[in-house]
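Got a new structure open and wondering what all the labels rest on? Let's go through some of them one by one.

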Amino acid sequence: MSSTDTPGPLNGVRVLDLSHVLNGPFATMLLAHMGAEVIKVEQRESPDRFRHAWMPVDADHDGYEFLVVNANKKCVTLNLKNERGREVFLDLVRRCDVVVENFSTGVMDRLGFGYEALKGYNPGIIYASSKGYGETGPYADLRSFATIAMAVSGWADSSWRLSGAPGTQVFGPGDEAAGVSMALGVCAALYHRAQTGQGQKIEVSMQEALMGFMVSAFHEHFEGMGPAGAYMEAKDGHVATHLPDLTDDLFKRYSSALGHPEAIDDPRFATAAKRRENLKLLQRTVGEWMKQFTARELFDILRAQKVPAGPVLSIGQVLQDEHVVARQAFVDVEHDEAGKLQLLAPWIRFSQTPASIDHAGPAVGEHTTEVYRELLGYDQRTIDELREAGAI
């Protein structure tokens with residue numbers, strides 16, 4: 001997928017992005033993919049620390065993750081603690097549709113820029129906020145990060161129990177779940193405003209958002225059922241498959257294709273109910289069958305039988321996978337400092353208003369002059385004075 005001149009579905013929406021690190025920027029990244037004009041605000045002397053997170057100490061450019069989640073955005077510098085900077089901020093608020101922030105609870109209120117204050121300057125403003133634990137409850141004042149969200153949501157424990165490896169690092173959408181939720185909330189609030197003229201505040205807890213992505217884990221807890229899917233060992237890797245819910249016809253084709261047609265007559269596996277009842281035995285039995293094949297052979301065999309299955313791919317293999325390549329799921333983007341980057345193209349595909357990526361994350365203050373001149377109408381002298389005063 002490449003960039004397009006066709007406006008995205010959120011063309012005309014302007015977002016003032018005060019967020020940092022990942023959950024807020026992930027939300028505004030999705031909005032920017034869909035055509036919203038996103039203006040990222042950073043303080044000149046202390047920009048988003050995510051720019052160099054998990055980078056070598058001598059790195060001379062922003063990190064890949066920062067460049068991805070800030071794609072398509074403009075960046076201005078602004079000091080919200082400077083009196084003239086506060087005036088500039090309110091000028092921006094008056095001209096924006098959405099404000100997004102993920103500061104610790106109470107920060108925006110102490111600055112005088114909480115939702116109740118901002119709607120006085122722009123009654124239609126949509127104010128989206130994400131905190132680790134939300135804005136109410138005993139933990140509201142606690143800071144959080146993705147690893148903590150995964151701990152307190154049950155994600156880490158569920159992952160350890162399934163993998164049998166307690167204490168290991170857990171990989172999951174600790175920030176992204178909140179980001180997706182916030183972006184969805186913004187879109188819903190924009191629709192509501194179009195119908196009623198009313199703005200509103202959106203609040204997303206990282207903990208609760210991640211719990212929302214765990215419906216299968218909660219199913220396991222309340223129903224007492226283990227996961228249906230399984231990762232089977234092949235000669236040279238692993239294959240994911242889904243055994244107990246296959247129809248009898250599919251299971252017959254499945255077992256026959258793997259050289260064991262007699263399995264369908266085994267009373268322990270003869271029906272979906274029996275396969276569910278004897279799931280662990282079934283997984284062990286099929287696991288032995290699969291060890292005779294490579295992962296690719298298994299995928300080809302099962303795909304020919306229309307049986308759901310897929311090889312466990314490394315990131316490098318994903319990039320080279322024929323389906324991913326055919327779908328143009330990644331887009332090449334040139335960056336002044338980082339060079340050529342492969343970015344995941346917008347995965348929400350619109351037939352009439354395509355989402356696109358035009359550029360990777362901007363440099364600190366890259367669009368300061370452009371935005372203040374073109375959006376706010378400041379002349380160069382005013383911009384220079386604001387910069388000299390430490391306001392921008």
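Q: What does "buried" mean here?
A: A residue is buried when its relative accessible area is under 20%, and exposed when that area is over 50%. Keep in mind that this is a predicted model.

Q: Why is F89 called buried?
A: F89 has a relative accessible area of 0%. The cut-off is under 20%, so F89 counts as buried.

Q: How many aromatic pairs does the structure hold?
A: There are 8 aromatic pairs.

Q: What makes F89 and F113 a pair, and why is the pair called tilted?
A: Ring centres have to lie within 6.5 Å, and those of F89 and F113 are 4.5 Å apart. Then look at the planes: under 30 degrees would be stacked and over 60 edge-to-face. The planes of F89 and F113 sit at 50°, so the pair is tilted.

Q: Which parts of the chain does that pair link?
A: Distant ones: F89 belongs to helix α3 (residues 83-94), while F113 is in the loop between α4 (107-111) and α5 (115-121). The two are 24 residues apart.

Q: Why are Y372 and Y378 called a tilted pair?
A: Their ring centres are 6.1 Å apart, and the limit is 6.5 Å. Their planes meet at 40°, which falls in neither the stacked range (under 30) nor the edge-to-face range (over 60), so the pair is tilted.

Q: How do you know whether Y372 and Y378 are buried or exposed?
A: Y372 has 0% relative accessibility, and Y378 has a relative accessible area of 13%. With the cut-off at under 20%, Y372 counts as buried and Y378 is buried too.

Q: Are C75 and C96 buried or exposed, and how do you know?
A: C75 has 0% relative accessibility and C96 has a relative accessible area of 3%. Under 20% is buried, so C75 counts as buried, and so does C96.

Q: What makes helix α1 mostly covered?
A: In helix α1 (residues 23-33), 11 of its 11 residues are buried. Among them are F26, M29 and L30. Just after α1, G35 has a positive phi of about 105°.

Q: What makes the phi of K306 worth a look?
A: Most residues other than glycine have a negative phi. K306 is not a glycine, yet its phi is near 60°, a positive value. K306 is in the loop between α14 (295-304) and β9 (309-311).

Q: Why is K306 called exposed?
A: Exposed means over 50%. K306 has 66% relative accessibility, so K306 counts as exposed.

Technical notes: Residues numbered from 1 in each chain as written. Predicted model: local features only at pLDDT ≥ 70, side-chain atom pairs only at ≥ 80, totals over all residues. Heavy atoms only, no water. Phe/Tyr/Trp six-rings, centres within 6.5 Å; stacked < 30°, edge-to-face > 60°. Helix = DSSP H or I, 4+ residues; strand = E, 2+ residues; numbered from the N terminus. Buried < 20%, exposed > 50% of the residue type's maximum accessible area, 1.4 Å probe, protein only.
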